[in-house]
Amino acid sequence: DQQAMINGMVERQARELAANPRDAEGWVRLIRSRKVLGQPDLAHKALQDALAAFKDDAATQQRLRDAARDLGVS
């Protein structure tokens, strides 16, 4: 099933980011994927996890917030 394959890809991306969280573009892709899949709570969690991964980098945090806002995730 195509939906199962898509969900598997998104879950794999989430695991990769959990293992290597300093990938801002990866976080934006995950947030977008969660939003498109109709998973707003998981999109919000991905944003929070991304912000935590870059707690020492205000510029990247702002980029993440801006991207999430553009995607409709707060």
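User: Contact means heavy atoms within 4.5 Å. Which residues does W27 touch, not counting residues up to four places away in sequence?

Analyst: In this predicted model, local features need pLDDT of at least 70 and side-chain atom pairs count only at pLDDT 80 or more, while totals for chains, interfaces and linings use all residues. Residues are numbered from 1 along each chain as its sequence is written, and side-chain values use heavy atoms, leaving out hydrogens and water. With residues up to four places away in sequence set aside, W27 touches L17, P21, A46, D49, A50, A53, F54 and L64.

User: Against which helices do the buried residues of α2 pack?

Analyst: Buried means under 20% relative accessible area, exposed over 50% and partly exposed in between (1.4 Å probe, protein chains only). In α2 the buried residues are A24, G26, W27, V28, L30, I31, S33 and R34. The helices they pack against are α1, α3 and α4.

User: Is R34 buried or exposed?

Analyst: The side chain of R34 meets that of E11 in a salt bridge (2.9 Å, N to O); the term requires a side-chain nitrogen of Lys or Arg within 4 Å of a carboxyl oxygen of Asp or Glu. This pair links helix α2, which holds R34, to helix α1, which holds E11, across 23 residues. E11 is partly exposed, at a relative accessible area of 34%. Because its relative accessibility is 7%, R34 counts as buried.

User: How many residues apart in sequence are the parts that E25 and R63 tie together?

Analyst: E25 and R63 form a salt bridge whose closest N and O atoms are 3.4 Å apart. E25 lies in helix α2 and R63 in helix α4, so the separation in sequence of the parts they tie together is 38 residues.

User: How far apart are the end C-alpha atoms of α2?

Analyst: The expected span of a helix is 1.5 Å times one less than its number of residues. The 13 residues of α2 should therefore span 18 Å, and this agrees with the distance between its end C-alpha atoms, 18 Å.

Notes. Helices (H or I, at least four residues) and strands (E, at least two) are DSSP runs, numbered from the N terminus.
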